[in-house]
Amino acid sequence: MAVRIGELLLKEQRITADQLQEALVCQRRDGGKLGLNLIRLGYVTEDEITSLLSRQYGVPSIALSQFEIDPAVLKLLSADTAQKYQVVPLARAGTTLTIAMTDPTNVFALDDIKFMTGYHVEPVVASESSVLAALERYYAAGRPATHGSTALDVASKTLEDLPAPGSDDDVEVIEDYEEISVEALARQGEEAPVIKLVNMLLLSAIQKGASDIHIEPYERDVRIRYRVDGILYAVMQPPMKFRDAIISRIKIMAKLDIAEKRLPQDGRIKIRYQEHGQGKDIDFRVSILPTLFGEKVVMRLLDRDKLMLDMTRLGFEPESLARYEAAISRPWGMVLVTGPTGSGKTNTLYSSISKLNSTETNIMTAEDPVEFNIQGVNQVQVREQIGLTFAAALRSFLRQDPNIILVGEVRDFETAEIAVKAALTGHLVLSTLHTNDAPSTVNRLMNMGIEPFLVASSLNLVCAQRLVRRVCPNCVEPSPMPVQALIQAGFTVEEARAVVPQKGRGCEACNLTGYRGRIGLYEVMDITDDLRELVLVGASGQELRRKAMDGGMISLRSSGLRKIRDGITTVDEVLRETVK
């Protein structure tokens with residue numbers, strides 16, 4: 001804010017460049033905010049700064065000294081938080097909490113307060129002296145107790161109640177991994193406030209529709225982020241002294257070794273919570289990784305209710321879906337789904353085997369890890385540390401009389417070789433690969449060491465996919481773009497003139513992002529006889545792509561352009577995930 005307020009005052013001709021320079025010198029010498037130094041020098045008044053900020057950011061200004069604040073409202077915010085951000089809660093109306101603050105541009109303060117209280121936060125501007133006086137008046141005598149009626153409200157109370165450094169239950173951070181007390185770690189992880197905080201993090205992630213929770217330790221702070229619709233958002237920064245308590249609690253819940261801080265660990269947490277009066281189970285896949293300043297925790301939410309098994313709703317274009325369903329309906333051959341991590345490959349494969357699942361069919365899967373249990377499907381958890389690799393599981397599958405085999409990932413030559421042989425001996429094989437597009441998958445298999453004639457004979461279809469965010473249906477509005485920009489994105493001249501892209505304005509339903517949910521972009525390459533001939537002669541990925549496009553393949557970019565035309569996603573999302 002320091003540089004910004006100086007620029008604003010200069011722009012309004014309230015101060016001169018020399019006065020600003022003098023105030024900056026005073027700030028470097030005496031400390032404090034630039035605005036306060038300008039006031040001390042007599043160049044501006046507090047009212048002028050407050051009025052300027054109010055006009056600039058469209059935020060109302062108030063005379064805080066004239067307000068009498070309800071004690072119940074004060075209890076919504078802890079003293080530490082109010083002092084830290086120099087904010088004062090003023091009033092609550094429904095789900096909206098109005099706060100007075102000196103800096104309405106402090107988005108970190110607004111986000112933290114929204115997260116801690118569970119309310120939508122509306123700021124108003126007040127002078128620095130009136131905010132400090134209000135903090136002294138309302139919070140100096142005694143700290144108002146934090147409101148604890150909801151999962152989100154537990155955060156600030158939890159942080160207040162955790163044991164202070166130096167108590168018997170506190171664990172010192174030892175950078176060199178010296179011997180530590182396992183009993184102390186266990187006690188700290190079982191402290192009631194820590195349990196409440198971790199439960200709040202899990203429940204809040206479910207409520208916000210997050211797919212992952214990241215707990216990241218750094219040298220001087222700990223950052224907690226949620227991944228919502230593929231994008232990471234910072235939600236909380238608990239003090240460093242709570243780092244070990246949080247991680248120990250998660251390890252206890254996941255039945256991991258709380259004393260092991262030097263090696264990666266993987267576990268699983270299953271919780272039950274009440275939603276609309278009914279109990280609901282959610283799994284969290286836990287991954288612990290030692291980093292430079294402590295252990296990083298990533299928890300992936302596995303919500304079976306969000307697993308979309310209806311293939312018509314995944315985002316396939318009708319012609320692409322028809323080709324894909326025809327390929328998985330064949331009695332033998334290999335179907336590969338490709339894309340980077342987090343592109344929805346698992347959902348597509350689960351949808352495929354759900355469609356094929358029947359009492360007449362023996363379906364066997366080898367997965368690492370098994371994310372969802374599907375009734376009627378024989379699922380095997382790969383455990384490489386004891387020798388149960390994808391290749392070992394595949395060999396055993398062939399002695400189990402399977403009709404359909406799903407391999408979580410083709411990682412090496414051995415797995416690829418067995419999968420190809422299985423596809424050539426009367427089995428339908430479904431698997432994934434990490435490639436950028438469908439045509440390059442053929443070259444990837446040959447680079448692994450599979451002979452071209454085996455690839456040509458076994459491969460039925462390759463489906464490359466990406467996930468893009470959907471425009472929020474609650475706040476969607478037209479967002480016209482220049483014709484030239486649409487042409488550069490890939491539209492023809494006629495299409496560019498007719499297309500009106502949509503975007504989300506931002507509302508409470510989508511957390512002001514303009515997006516809600518995700519949908520797939522699909523590039524489905526059916527291996528026709530013409531393509532098999534090109535594979536046999538070792539054609540490049542570009543040659544394969546040209547032939548596939550001639551045969552009607554819809555590219556990832558074309559799939560995205562159709563969804564822009566239909567108002568499902570935005571140009572920015574498609575450009576971010578695809579290339580021409």
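Trainee: Where is Pro501 found?
Mentor: Pro501 is in the loop between helix H20 (493-498) and strand S17 (502-504). Helices (H or I, at least four residues) and strands (E, at least two) are DSSP runs, numbered from the N terminus.

Trainee: How should I read the numbers?
Mentor: Residues are numbered from 1 along each chain as its sequence is written, and side-chain values use heavy atoms, with hydrogens and water left out. This is a predicted model, in which local features need pLDDT of at least 70, side-chain atom pairs count only at pLDDT 80 or more, and totals for chains, interfaces and linings use all residues.

Trainee: Back to Pro501: buried or exposed?
Mentor: Pro501 counts as buried because its relative accessibility is 2%. Buried means under 20% relative accessible area, exposed means over 50%, and partly exposed lies in between (1.4 Å probe, protein chains only).

Trainee: Which residues does Pro501 touch?
Mentor: Leaving out residues up to four places away in sequence, Pro501 touches Glu477, Pro478, Ser479, Pro480, Met481, Leu486, Ile564 and Val571. Contact here means heavy atoms within 4.5 Å.

Trainee: Another proline, then. What kind of peptide bond joins Asp368 and Pro369?
Mentor: That bond is cis, with omega about 0 degrees. Pro369 sits in the loop between strand S11 (363-367) and strand S12 (378-381).

Trainee: And Glu371, where is that?
Mentor: Glu371 is also placed in the loop between S11 and S12. With a relative accessible area of 14%, Glu371 is buried. Beyond its neighbours within four places in sequence, Glu371 is in contact with Arg268, Arg285, Leu302, Thr346 and Tyr350.

Trainee: Tyr350 is in a helix, I think. Which residues of H14 are buried?
Mentor: They are Lys345, Thr348, Leu349, Tyr350, Ser351, Ser352, Ile353 and Leu356. An α-helix has 3.6 residues a turn, so residues three or four places apart point the same way.

Trainee: What span should helix H14 have?
Mentor: Helix H14 (residues 345-356) has twelve residues and should span 16 Å at 1.5 Å a residue; its end C-alpha atoms are 17 Å apart, which agrees. The expected span is 1.5 Å times one less than the number of residues.

Trainee: New topic. How many salt bridges are in the whole structure?
Mentor: A search finds 31 salt bridges. Each is a side-chain nitrogen of Lys or Arg within 4 Å of a carboxyl oxygen of Asp or Glu.

Trainee: Which one involves Arg469?
Mentor: Arg469 meets Glu573, with 3.0 Å from N to O. Arg469 lies in strand S15 (residues 459-471) and Glu573 in helix H24 (residues 571-577), so the pair ties together parts 104 residues apart in sequence. Arg469 is buried at 11% relative accessible area, and Glu573 is buried at 2%.

Trainee: What does Asp437 pair with?
Mentor: Asp437 forms a salt bridge with Arg545, the closest N and O atoms being 3.1 Å apart. The two are 108 residues apart: Asp437 is in the loop between strand S14 (428-433) and helix H17 (439-448), and Arg545 is in helix H22 (residues 541-550). Arg545 is buried, with a relative accessible area of 19%.

Trainee: Which residues are linked in a network of salt bridges?
Mentor: Arg243, Asp244, Lys251, Lys261 and Glu295 are linked in this way.

Trainee: Last topic, confidence. What is the mean pLDDT of the protein?
Mentor: The mean is 83, and 90% of the residues reach 70 or more. pLDDT is the predictor's confidence in each residue, from 0 to 100.

Trainee: Which element has the lowest mean pLDDT?
Mentor: Helix H9 (residues 154-161) has the lowest, 42, whereas strand S10 (residues 333-338) has the highest, 96. Over residues 142-182, pLDDT stays under 50, and the model has 83 contacts beyond four places in sequence for them.
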